[in-house]
Amino acid sequence: MSVEGGGESEAPQGDVHAQVLVLGSGPGGYTAAFRAADLGLDVVLVERYPSLGGVCLNVGCIPSKALLHVAKVIADAQATSEHGVSFAGPEIDLDALRAWKDSVVKRLTGGVSGLAKARRVQVLEGGGRFTGPHALAVGDKTVTFDHAVVAAGSRAIELPGIPHDDERVMDSTDALELADIPKRLLVVGGGIIGLELACVYDALGSEVTVVELADQLIPGCDPDLVKPLHQRIAGRYAAIHLETRVESVKADEKGLYVTFTGHVADATFERILVAVGREPNGGDMGLDAAGVNVDERGFVPVDERGRTNVEHIHAIGDVVGGPMLAHKATYEARITAEVIAGHDVIFDARGIPAVAYTDPEVAWVGLTELQARERDIAHEVASFPWQASGRALSMNAGEGLTKLLIEPQTRRLIGAGIVGANAGELIAETGLGLEMGADAQDLGLTIHAHPTLSETVAFAAEVAEGTITDLPPKRRSPRG
Ligand code: NAD
């Protein structure tokens, strides 16, 4: 295979030479490494931790979903008492729960190692540091490379004034360790991580308080999609404080004594989870020695082919900015590996789905209504309330909503949002519709099985088209 910059390398030879060096083995890194290997390139994958898979597999998406599954089972069992079937409260064996969650993680990380072996991708363990434009030091080894892909990810942001050294102050990684079930838990940050983990600890029995700086939970998401989630958790949690920040935390043996801004009363908690966002790891691996620009926040700017200012060094995933989501990283990874192999491809996705795996789930793709308004983009909104869905009512999920944003001229789908059970799965159909340029009629005339939650997408499209029969008719003018 002819590879630009590959084959005869001018780079100095070190202990190991790679046509493609990938730094970081999260979903972005391992996908780039495997795709490059499948395209015939020699690949070295460098990872600082013994287990492959990055934050997502080890201490993020996967373990949190295992725990959220358990949380949902507990919450559903509690809810059935309203329908005539009562179960005793859960007996929680924390060690067994942790072991099960860890076993899920281990299966997947082991699977990634197996996939690497099967492709002859050489994995080097150790923190990598660039020492030049074609060289990376890993422990006492030097890897020289023709192309590099930086997939070094991100880390949790720490807040000043909070004693992060105290083991009762947790980031998401600590919270997933499930050291205990605190009686009173404060979650600082009402974004996706904060709310997912709040959901887990609430189901396990903690009394949860959420404090959020913005005027709504999951800022940036449309308020009508957040409302059913807010209403549900407001009924379960001790408190949700919006437009509030933590002023100080004093730690002593009795607990963590917290003062807040505004009129929120001081309170003592056994544990605090800080989930106020993540910051990129761009400043941590000597990219300046390779001549790669890193901005003041630690992001590595790239073009639509994933190239940094140094053409043979690429970057993908959380470290390049945009939504910090595994599926965005894997998409970028494929593009980058193919660009390195000489393919003419660019990042041109029309939508990147976002999902909060809370109860209920919240998901959206493409334009949000907030963005359409802010950017003055012509749009129509068509919403279908799940109160009119037989499947939703029979699942005790009537609080849901499916909403489509339609471009008035072309009738094309430009965005979608769903709140309710399985929203994270249901959003996929609208993502495909968006990519394929579907219009409202396409969605409405696609026969969906009845009764399903997926029907709500077609019903929302019928709302857009004015053909909906599962809702009351629009009021007619006096002349009909
Ligand atoms: P986030 O940016 O989504 O949310 C952080 C929240 O903290 C925001 O609502 C912000 O307003 C609030 N905040 C900031 N400073 C605060 C302060 N001092 N006091 C109170 N609130 C404050 O960040 P996150 O939830 O930590 O997640 C990090 C990244 O990981 C995000 O990009 C997220 O999309 C991604 N992630 C995605 C998933 C998923 O797809 N299901 C799951 C976890 C994380």
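1. Basis. The model is a predicted one, in which local features need pLDDT of at least 70 and side-chain atom pairs count only at pLDDT 80 or more, while totals for chains, interfaces and linings use all residues. Residues are numbered from 1 along each chain as its sequence is written, and side-chain values use heavy atoms, with hydrogens and water left out.

2. The second largest pocket. A pocket is here an open set of points on a 1 Å grid over the protein atoms alone, with protein on both sides within 12 Å along at least five of seven lines, whereas a cavity is a set of points where a 1.4 Å probe fits but cannot get out; lining residues have an atom within 4 Å of a point. Grid points are joined across faces, edges and corners, and the volume is the space filled by probe spheres set on the points. The second largest pocket holds about 700 Å³ of space, and its lining is made up of 28 residues, with Lys72, Asp76, Arg232, Asp359 and Ala421 lying nearest its centre.

3. Make-up of the lining. Helix α3 (residues 61-79) gives the largest share of this lining, eight residues; helices (H or I, at least four residues) and strands (E, at least two) are DSSP runs numbered from the N terminus. By class, the lining has ten nonpolar, nine polar and nine charged residues, where Ala, Val, Leu, Ile, Met, Phe, Trp, Tyr, Cys and Pro count as nonpolar, Asp, Glu, Lys and Arg as charged, and the others, Gly among them, as polar.

4. Two strands are taken to pair if DSSP finds at least two bridges between them. In the order β18-β19-β22-β21-β20, five strands form an open sheet with antiparallel pairing. Its edges are β18 (354-356) and β20 (380-385), each of which has a single partner strand, so one side of each is left without a neighbour in the sheet. From one strand to the next the twist averages 10 degrees; axes are lines fitted to C-alpha atoms, for helices over the stretch in contact, and angles run from 0 to 180 degrees between N-to-C directions.

5. Partners of this sheet. Three bridges join β18 to strand β19 (residues 361-366) in the antiparallel sense, and Ala354 stands opposite Trp364 in β19. Helix α13 (residues 455-465) packs on the sheet, where it touches β20, β21 (401-406) and β22 (413-420), and its direction makes about 135 degrees with that of β20; contact means heavy atoms within 4.5 Å.

6. The three-stranded sheet. Another open sheet has the order β12-β13-β14, again with antiparallel pairing. With β12 (246-252) and β14 (267-269) at the edges and each having a single partner strand, one side of each is left without a neighbour in the sheet. Neighbouring strands here are turned by 30 degrees against each other on average, direction ignored. Strand β13 (residues 255-260) pairs with β14 over three bridges, and Tyr257 stands opposite Thr268 in β14.

7. Aromatic pairs. Rings of Phe, Tyr and Trp (its six-membered ring) pair if their centres lie within 6.5 Å, and planes under 30 degrees apart count as stacked, over 60 as edge-to-face and the rest as tilted; the count comes to four aromatic pairs. The rings of Tyr30 and Phe34 have centres 5.6 Å apart and planes at 45 degrees, so this pair is tilted.

8. Backbone features. The peptide bond from Asp359 to Pro360 is cis, with omega near 0 degrees, and Pro360 is in the loop between β18 and β19. Arg411, in the loop between β21 and β22, has a positive phi of about 65 degrees although it is not a glycine.
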